Amino acid sequence: MSGRGAAERGRAGAIAVGSGIFISRIFGLVRQRVVSHFLGVGDAADVLGAALRIPNFLQNLLGEGVLSASFVPVYARLRAEGRDDDAARLARALFGALALVCAVAVVLGEAAAPWLVTLIAGGFDAAKRDVAVLLVRILFPGTALLVLSAWCLGVLNAHRRYFISYTSPVAWNLAIIGALLTATRPDEGRAAVLVAVGASVGGLLQFAVQVPWVLQVLGRHRAAPPLPRTATWRTPELARVASNFWPVLLGRGAVQVSAWVDILIASNVMNGAVAVLNYAQNIALLPVSLFGMSLSASELTEMATQSGAGVEQAIRDRMSASLGAVAYFVVPSSAAFVLLGDVAAGAVLQTGRFDRAATVWVWAVLAGSAVGLVAGTMGRLYNSAWYALHDTRTPVRIALVRIALTAILGAVAALWLPDAAHFDRRWGVAALTASAGCAAWIEFLLLRRALDARIGPTRIRAGTMPRLWGAALVAAAAGWGVRLAVAGWSPLPLGGVVFAAFATAYFGTTLMMGIPEAAGVRRRIAARLAGNAGRR
């Protein structure tokens, strides 16, 4: 297949992933708004934020990131070689293994819930720990189903069926929203329990909506002669997945330990710190998911199908184009979090028990998260490149550096710095996310240096980043102008008009600057409008 055809497939895949993520994230923001309405930043929100992280460790360890890195390259390569029957057998064998591991993990998680809560939220008092244990036990079964949902996502990604897998979290969000809305003015404790119940039911729904599509792509190969049961578990393909799996598991484990350290530190800062950290990270994940995950997911599939002597050149070419696309969208996101973060947080969260003071607190944490937003998003692309090269160990070694830096810098920034500098301890949570951003930059630079040594330089076009930051500042000024003009509006409509002005100004400025990504966006909009006119 020509390089142009591969590039077109990559762009189409990224658009499909981005569209699916955008839809699911919109529902996620609605879910977050409903949760903040009932919980605010009180003790129940703290407990729920910590409880959600514990079973999510299982999901993140065994789920999308690890499966994408270990399974998708092998599965996609089999399909590229025309070995569809072997690919289908591999997928079924992996599902059986995951189901067994998840069942064991749920049993162990239920039994170890008290110990896990103490480990992740050691700063909670006894009453908060007891509630957290209850929530963790409710959440664990649904989280296991989310791991199996990630298996579905891996299979569908390898078949370039991106949209359904990335919109499936809508079911999870709707289940939580529905659970909360079944009660009439629940107190904070009951609302937290309802969220946990909804999340567990949502895990089942998210898995169920993908199953028919997976059966469709795998069902084509049911007529293939089955292997003996023992041979199914001894295939070289499954061995390759297993050999990839453990290093990636360690790497993801390092990332999860980093997240655990953040929660542990926040639980020792003050009441409400865990909740605010959770709210801010969910908002900050929007650009990472839309632009980092969409490109890294689609590019992993495309890079993994490359073979022959030109594989390194193909990966280098795809990396250069994808890094420019990531920068085009994530740079303005960083600027918006710093300069207009209270508008974003207010639009998403400020309702019910979540007041203006909580919004400002989340803004500070968002501004801290902006420090490493570009580096963390680009780092996903570099990890995908390493996985496509079937090297899962290099990212692990670099991730271990990041976790050490995150723990040391985070503890100093959040626990020591506020007292030493004599400022309110609540701002220590912002210092915590800023220090994590510094660690993300070091990880990114190490990943880039190592990949450059392996395949040659991977860079964004010279002069692009300063122009993007300049355009982002122009857009922020436009946003502030609209904000002052409509002062007094409620948070939700204010956010709508301010960010409409921000996006319009950024797009127009980058278009005038001749940024290729802006021209690409204009072409896609024109093509979509022409298509709609043709259908009419």
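Mentor: Begin with the largest nonpolar core, which has 140 residues; a nonpolar core is a set of buried Ala, Val, Leu, Ile, Met, Phe, Trp, Tyr and Cys residues joined through side-chain atoms within 4.5 Å. Buried means under 20% relative accessible area, exposed over 50%, and partly exposed in between (1.4 Å probe, protein chains only). Phe71, Trp151, Val155, Leu218, Tyr279 and Val362 have the most contacts inside this core. Helix α6 (residues 126-158) gives the most to the core, with 15 residues; helices (H or I, at least four residues) and strands (E, at least two) are DSSP runs, numbered from the N terminus. This is a predicted model, where local features need pLDDT of at least 70, side-chain atom pairs count only at pLDDT 80 or more, and totals for chains, interfaces and linings use all residues. Residues are numbered from 1 along each chain as its sequence is written, and side-chain values use heavy atoms, leaving out hydrogens and water.

Trainee: With which residues is Tyr279 in contact, leaving aside its neighbours within four places in sequence?

Mentor: Contact means heavy atoms within 4.5 Å. The partners of Tyr279 include Gln32, Val35, Leu349, Phe354 and Val362.

Trainee: Is Trp416 buried or exposed?

Mentor: Trp416 counts as exposed because its relative accessible area is 53%. Trp416 lies in helix α17 (residues 393-421).

Trainee: How many helices and strands does the protein have?

Mentor: There are 21 helices and zero strands. Buried residues make up 54% of the 536 residues.
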